[in-house]
Amino acid sequence: MRKLVPKDAKDLYEIRKTSFEDFWSEKEFVAMLADKSFFGFREDHGFILCRRTLDCIDIVTFCVAPSYRNKGIGKKLLLEVINFAKETQSKVFLEVAEKNYTARNLYQSLGFKKTSVRKNYYKFSGGFQDAVVMMWSPT
Ligand SMILES: CC(C)(COP(=O)(O)OP(=O)(O)OC[C@H]1O[C@@H](n2cnc3c(N)ncnc32)[C@H](O)[C@@H]1OP(=O)(O)O)[C@@H](O)C(=O)NCCC(=O)NCCS
């Protein structure tokens with residue numbers, strides 16, 4: 001486990017491609033990692049990218065490549081963000097597709113609570129899906 005640095009952009013682009021339908025270019029990762037408000041953590045085959053503004057942390061994107069899932073990597077990455085949120089007394093926010101039960105279970109098991117729903121937030125090949133907004137709070 002280590003902190004993300006600008007030279008990780010290509011790896012993040014490659015890992016994300018394996019996990020999501022929507023396309024984020026390598027250039028977008030270069031721009032985000034050059035911006036001081038973005039931070040995150042990575043393992044060889046998974047990463048979590050966040051953005052911090054004052055006392056709020058938004059999880060921007062989070063994934064583990066398919067062959068490496070279910071081995072505890074996702075949980076480790078998320079715990080790293082939660083530890084940082086505890087240290088900085090920040091809240092953590094995220095959006096997750098309503099039917100993404102794997103991710104929702106993981107978030108719930110680590111103390112995230114559902115705060116609202118954004119209708120038709122995601123457009124997948126199979127149609128639109130609502131986003132569940134979740135929050136973790138240090139208090
Ligand atoms: C969500 C994701 C990052 C989880 O990563 P992972 O490394 O597989 O997760 P872990 O192995 O750490 O699993 C942690 C917990 O997730 C849950 N979980 C994992 N796989 C699961 C499955 N197939 N079904 C139900 N729950 C599951 C369990 O609660 C597990 O806790 P446990 O180990 O105490 O049983 C990964 O599945 C992924 O990249 N998915 C595609 C991208 C994505 O959906 N990202 C999140 C968008 S909001």
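The residues of the shell around the ligand divide into eight nonpolar, eight polar and three charged, where Ala, Val, Leu, Ile, Met, Phe, Trp, Tyr, Cys and Pro count as nonpolar, Asp, Glu, Lys and Arg as charged, and the others, Gly among them, as polar. This is a predicted model, in which local features need pLDDT of at least 70 and side-chain atom pairs count only at pLDDT 80 or more, while totals for chains, interfaces and linings use all residues. Residues are numbered from 1 along each chain as its sequence is written.

**Around the ligand**
- The ligand is surrounded by 19 residues, the closest being Cys63, Arg69, Gly74, Lys75 and Leu106, with a residue taken as near if its C-beta atom, placed from the backbone, lies within 6 Å.
- At least two shell residues come from each of β4 (56-64), α3 (73-88), β5 (91-97) and α4 (101-109), and α4 gives the most, with five residues; helices (H or I, at least four residues) and strands (E, at least two) are DSSP runs, numbered from the N terminus.

**The hairpin**
- Strands β6 and β7 form a hairpin with two residues between them, and they pair in the antiparallel sense over eight bridges, pairing requiring at least two DSSP bridges.
- Within this pairing, Lys113 stands opposite Met135 in β7.

**Exposure**
- Of the 12 residues of β6 (residues 113-124), the number buried is zero, so this strand lies largely in the open.
- Val133, in strand β7, counts as partly exposed because it has 17 C-beta neighbours inside 10 Å; with C-beta atoms placed from the backbone, 20 or more others within 10 Å make a residue buried, 12 or fewer exposed, and numbers in between partly exposed.
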